[in-house]
Amino acid sequence: MSIQSQMRRITVPEIRAHKDAKPIVCLTCYHAHTAKLLDRHVDLILVGDTLGMVIHGMETTLGVTVEMMILHGQAVMRGSQRALVVVDMPFGSYEESPEVAFHNASRIMKEAGCQAVKLEGGTRMAQTIRYLSQRGIPVIAHIGMTPQNVQVLGGFKTQGRTPAEWPALEADAKAVTEAGAFALVLEAMAEPLAARITELVAIPTIGIGASPTCDGQVLVMEDMLGLNPNPPKFVREYAQLGPVIAAAVEAYARDVRERRFPGSENVYPMKKAQ
Ligand code: KIV
């Protein structure tokens, strides 16, 4: 029998119950201290593979590994107590077969201790989503602009801009719902299409640059904090932490150079010599 912590985490069925109800609040997060700050305010924390770009300075998410996702997932789990924590499956860890996907997803769930995984793709990933969810792995699907597919799409572009593109994206949404995904991220998707898909499917949609009618919203935390010098157009910045950090570091550097830094006697008071 395990010792239960005082605080109970939000569950997958509770997230599922947000369909047509109170919007799901979701942010990405990759480390323990920020997870602690977010935890009271969000329903869902996504350890997104955007960490490759945001934390590790990569050009795309393609170089992110399962080990990186586990490491950051563990940090977020240690920092949070309440929010449901979902970890992204990185490029190359799930596309080959449902069995490979199960191997990597179960490793992520066990080693990170998270409650669910997210993977990119619609109809083409439906069989894998069914395989995982029937074996105890809750899955969030992600369609529209799928960054792991950036080379095929030819860049980070809004999807569904012409109605001719809509049937395929609607079919994707239906396929992942029928396969057992418990929520669906719609990224960089034309607003009327995202609204149609939200009406169409029985699971909550979580928009990012999609539609305010989605059943929830997600943003990359560093984008909404003003830490990204080049954020996507749809991002609303709720703070400007870039200049705040730069000013603090400048003040620190000045103190160090002018020898105005406190000595250890102020930090660890010592006994007076007899
Ligand atoms: O990796 C990520 O952070 C994501 C969000 C942008 C939805 O998938």
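**A tour from aspartate 49**

Select aspartate 49, in the loop between β2 (44–47) and α3 (51–54). Helices (H or I, at least four residues) and strands (E, at least two) are DSSP runs, numbered from the N terminus. This is a predicted model, in which local features need pLDDT of at least 70 and side-chain atom pairs count only at pLDDT 80 or more, while totals for chains, interfaces and linings use all residues. Residues are numbered from 1 along each chain as its sequence is written, and side-chain values use heavy atoms, with hydrogens and water left out.

Stay on aspartate 49. The residue is buried yet has no salt bridge. Buried means under 20% relative accessible area, exposed over 50%, partly exposed in between (1.4 Å probe, protein chains only). A salt bridge is a side-chain nitrogen of Lys or Arg within 4 Å of a carboxyl oxygen of Asp or Glu. The nearest side chain of opposite charge is lysine 118, 5.4 Å away; Lys and Arg count as positive, Asp and Glu as negative, and His and the chain ends are not counted. Show the contacts (heavy atoms within 4.5 Å). Beyond neighbours within four places in sequence, they include Thr61, Asp88 and Gln148.

**Salt bridges**

The structure holds 8 salt bridges. Pick lysine 19 and aspartate 215, whose side chains meet at 2.7 Å, N to O. Lysine 19 sits in the loop between α1 (12–16) and β1 (24–28) and aspartate 215 in the loop between β7 (205–208) and β8 (216–219), so the pair ties together parts 196 residues apart in sequence. Lysine 19 counts as buried, at 13% relative accessibility. Aspartate 215 is buried too, at 5%.

Next, go to helix α5 (residues 98–112), where arginine 107 and glutamate 111 lie 4 residues apart, about one turn of the helix. Their side chains form a salt bridge at 2.9 Å, N to O.

**The cores**

Now select Ile129, Leu184, Leu186, Met189 and Ile197. These have the most contacts inside the largest nonpolar core, which has 60 residues. Such a core is a set of buried Ala, Val, Leu, Ile, Met, Phe, Trp, Tyr and Cys residues joined through side-chain atoms within 4.5 Å. A second, separate core of 17 residues includes Val12, Leu44, Ile140 and Ala183.

**Last stop**

Finish at helix α11 (residues 241–257), which holds isoleucine 245. At 45% relative accessibility, isoleucine 245 counts as partly exposed.
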